[in-house]
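Here are some notes for a colleague opening this structure for the first time. Please read them with the 3D view at hand.

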Amino acid sequence: MSASLAAHVGEHAARRLEGEAFLRLRGISVEFPGVKALKGVDLTVHRGSVHALMGENGAGKSTLLKVLSGVNTPSAGTIEVGGEQLQFRNAAAALDAGIAVIYQELNLVPELSVAENLMLGQLPRRAGFVNRTQLRARAMGVLRDLGEAIGPDMLVSRLSIGQRQMVEIGKALLRDARVIAFDEPTSSLSVRETVNLKRIVHRLRDDGRAIIYVTHRLAEVFELCDAVTVFRDGACIAQHANMAGVTNDRIVSEMVGRSIEDIYGYRTREPGAMLMQARALVGPGVVEPVSFEVRRGEILGFFGLVGAGRTELMRLVCGSVMPTGGEVMLEGKRLPPGSTREAIRRGVALCPEDRKAEGIFPIAGVGENINVSLRRRIARGGIFVNRAIETANTADIIHRLNVRTRDGNTPIATLSGGNQQKVILGRWLSEKIELLVLDEPTRGIDVGARAQIYGILYDLADAGKGVIVVSSDLAEVMSVCDRVIVMREGRMVGSVPRRDVTAERLLQMALPQ
Amino acid sequence: MSQATLNVPPPAGSTARPNRSAAMIRRAMSQSGIVLVFLILFAVLAASVPDFLTPGNITGLLLSVTLTGTLASTMMMVLALGEVDLSIASIVAFSGVAASVATDALGLPLGILAGVLAGGAVGLCNGVVVAKAGVNSLIATLAAMEIVRGLAYITSSGDAVMISSPGFFRLASAALFGLTAPIWIMVAMFVIFGVVLNRTVFGRDVLATGGNTEAARLAGLNVDRIKITVFTLQGLVAGFCGVLLSSRMGLGDPKTSIGLELAVISACVLGGVSLTGGIASISGVIVGVLIMGCVQDAMGLLNVPTFYQYLVRGGILLLAVLFDRWKNGRRTGVKH
């Protein structure tokens, strides 16, 4: 690489340019029947650099990663790794070429040990038997490299999400992957795990590996990445070979095709009468009694690290887990504990954290997903499904919440995450809801849909309902909520009104002392 | 895409359109497709197998599938729930024996009631073990299958129980428009459970629970009660089938119907009911039952040796499961 070129760019970029352009994609197109998922995409990733891929869901980032891992075969274009033109027919070929993709949903065998997972498919053998000594030694080496306190004999099922991700990274290292692609790696990590992951990404970069980093979080791009490519509708919209002059607003406007002043769009409101009071609630995951209240027209945030007990507390509030102590009062009347059904009947509903596992009925249509709760209240004679009302309600929700779906019969699993979340919101908006609890409402949801979801929450608050937002996204709780309660290790640490909220303050309260 | 909107591009843009055609093909294959398969099969058999399309043979054919068909209507509900019930054949035997014994001792009405309730009790136990104790239904009903078969032998002291009450015989031989009671009962079950599945809140709740149990729970559905109800219904219907069967045979036989549960499950799966829950249709189940019946009947007419009949039945079951897998593969393949 020419030195003169490196001279007039910044020091940060200079280090990257020293690295050779290791991975080159030219004119990559991927077609599914009737749809071009990628339209002639070019991408160049250098050794020793972290290259961010941004774009809304469905923009083509995941398809590109699947091309890299040999899952999707491009209909046109070339892939060059280290100067050599390659074709990946399957996942093994991509691995052989030194490319590892670490997906959001990790591919580990939970019932095998860490060491076995690390070396799955290439277990060291001696006379046909697994060579345990060597297996452990090599696994220990990699784990030490990663700086993780994970024992090689631990079962993967016992590890946290962050630790599992480390095992995945370890797998890539053991195969000596020169290109490592991360698919939204921090989306389900705690703050501490995120810090650790960033450290490791930097280490991998400094080793001279080429890193591809898919994320929805703009802050991470500026903090972590040396270059960024923005996708929209299957095409590269913008490529920034370095971060000089790249701003938050610019990337967002490139992603959504228009500029967004503030995706949060907070509106000032006045909290009204008392709606819900939790009194000394204790239960699984909540170790000390927690008391708090929600007023009508208030959006209350719950911030904390993963495992701080927020999800568990919300389960007590919404009746899906029986509390061991305390009570929930709704408008001065006691809510029967441990009954989701009763909570919903009285107007308390939950949009759960894990949409796929706890929120949606994947093979059922959008309409079924919307009407699953309303149904029993409008049934004819209390028994027969009232199709007329259900159909009307489905159409109304799809229209009101701007759900992107062909019709009410489309299986919900084929919708994007943002649209799935809107359907679940629609399920509760169909009911007479007083207090809506949302656990990580925008995780894995793109910017455009997020703005819409916040808009729905503001409308609810304006209509005098109470809203609780549990989130690990600092910017989200700070920007959307009127008040933030911080939890740590199963305890409530404090409550901060909006005017006093700062990132430092919330983090300081949330981090273990 | 308009530059002025804040809207998300079409959901998972890369896969939106192939979904549609795939979904249509899937829908066509899983519903009308299997009906079409049946109609073609029926036409071919009618044209090529001598004596197939005679009133006598068709009535006989219908009578031969009554047991499978009646049980399939509730098995559809169990499978839609994402569960399975292997104990139904044992319940049929046990209820038949119980009804025979009880009729001798207590008279006809109480005897019939005893048979039906015996089945219901087993179903209730299955439901409680599955819903409350969280035991996998495959294991729970496998255990029940053994236990209940044992109860059938114990109740009958090992031998078939002869029925002395003439009223008991008439139960299954009563006829209307040339068709006997078991056929009418099967038709009634199809209608009832078709309506229950599609038109009632309970039926939709069953499908929702089978589609995603946790989501159903959090959406306020009483999942445990739904499961217990479905298993109890299955038990009651199996019990009733047992009474009808012993009425037809004139005795309560503890050895009867071995392997029947698998015929019922394969008829359901052939009819497009998903083994993983959440998908079921009564039209599919009816056709599944009829396909199995037609093939069996035609093999009888063609004097296919019994040994080869096993191959054909196994082949049909395998095809049914492959069909189910293929559909599910398409379905999940859609998302990723």
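1. A definition comes first: two strands pair if DSSP finds at least two bridges between them. Strands themselves are DSSP runs of E, at least two residues long, numbered from the N terminus. Keep in mind that this is a predicted model.

2. Take one pair in chain A. β6(A) runs parallel to strand β9 (residues 179-183), and 4 bridges join them. Within this pairing, A:Ile102 has A:Phe182 of β9(A) as its bridge partner. Strands of a sheet pair through backbone hydrogen bonds, either parallel or antiparallel.

3. Now the whole sheet. Its 6 strands follow the order β6-β9-β10-β3-β11-β12 in chain A. The sheet is open, and its pairing is mixed. β6 (99-102) and β12 (235-240) of chain A have a single partner strand each, so one side of each is left without a neighbour in the sheet. On average, neighbouring strands are turned by 20° against each other, direction ignored.

4. Which helix lies across β3, β11 and β12 of chain A? That is helix α10 (residues 248-256) of chain A. Its direction is at about 30° to β11(A).

5. Step back to the chain. Chain A holds 20 helices and 22 strands. Its C-alpha trace spans about 70 × 50 × 50 Å along the principal axes. The radius of gyration is 25 Å; this agrees with a compact globule of 513 residues, because such a globule would have one near 24 Å.

6. Two figures on packing. In chain A, 51% of the 513 residues count as buried. Of the contacts between residues at least 6 apart in sequence, 68% join residues at least 24 apart.

Key:
Residues are numbered from 1 along each chain as its sequence is written. Chains are lettered from A and ligands numbered from 1 in the order in which they are written. This is a predicted model: local features need pLDDT of at least 70, side-chain atom pairs count only at pLDDT 80 or more; totals for chains, interfaces and linings use all residues. Axes are lines fitted to C-alpha atoms, for helices over the stretch in contact, and angles run from 0 to 180 degrees between N-to-C directions. Two residues are in contact if their C-beta atoms, placed from the backbone, lie within 7 Å. The radius of gyration is taken over C-alpha atoms; the globule rule is 2.2 Å times the number of residues to the power 0.38. A residue is buried if 20 or more other C-beta atoms lie within 10 Å of its own, exposed if 12 or fewer, and partly exposed in between; C-beta atoms are placed from the backbone.
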